[in-house]
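Here is a short report on one protein.

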Amino acid sequence: IVEFEPAPGYWQLDIGGTFCNSLDFLYRSVSFTPSRTAVDPDGKARFVITSRDPGYSNWIDNQGFEAGVSTYRSVYPKFPEFGVKVVDWEDVPKHMHAGSRKVSKDERREQLRQRFNAIQNRYKI
């Protein structure tokens with residue numbers, strides 16, 4: 001679980017392979033920007049990085065890789081303070097905010113469809 005207080009303006013959090021190679025960003029949720037991020041009531045954004053859908057809106061799909069890189073980039077000059085926790089799968093809910101946005105299977109499909117369409121539009125593929 002990665003958590004931080006989002007900076008104003010544009011930022012991006014993403015993951016990649018061990019050698020900074022891209023993961024499947026067309027069909028999988030491997031990055032987040034402010035427009036796609038659900039911020040918790042306490043002002044922090046929390047992301048669950050795992051290969052199984054945890055049912056939280058801010059899921060980063062590591063596609064089963066056990067090692068890799070995470071990158072944060074921002075146009076805001078102040079770097080946020082990050083919290084990182086490695087937790088067992090069954091303990092994820094204990095480490096999320098009670099108000100963290102959850103999604104149903106249908107909502108997840110819609111999230112991924114919107115992501116797919118935005119990427120196709122951006123890259124004209």
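The accessible surface of the protein is about 7900 Å², and carbon and sulfur atoms hold 52% of that. Areas come from the Shrake-Rupley method with a 1.4 Å probe; for residues, only the protein chains shown count as cover. This is a predicted model: local features need pLDDT of at least 70, side-chain atom pairs count only at pLDDT 80 or more, and totals for chains, interfaces and linings use all residues. Residues are numbered from 1 along each chain as its sequence is written, and side-chain values use heavy atoms, without hydrogens and water.

Of the 125 residues, 37% are buried, meaning under 20% relative accessible area (1.4 Å probe, protein chains only). The C-alpha atoms fill a box of roughly 40 × 35 × 30 Å along the principal axes.

The protein has two helices and seven strands. Their order from the N terminus is β-β-β-β-β-β-β-α-α. Helices (H or I, at least four residues) and strands (E, at least two) are DSSP runs, numbered from the N terminus.

Now take strand S2, residues 11-16. Six of its six residues are buried. Trp-11, Leu-13 and Ile-15 point one way, while Gln-12, Asp-14 and Gly-16 point the other. In a regular strand, side chains alternate between the two faces of the sheet.

| Partner of S2 | Residues | Bridges |
|---|---|---|
| S6 | 69-74 | six |
| S3 | 31-32 | two |

Ile-15 stands opposite Ser-70 in S6. Asp-14 faces Ser-31 in S3.

Notes:
Buried < 20%, exposed > 50% of the residue type's maximum accessible area, 1.4 Å probe, protein only. Pairing = 2+ DSSP bridges.
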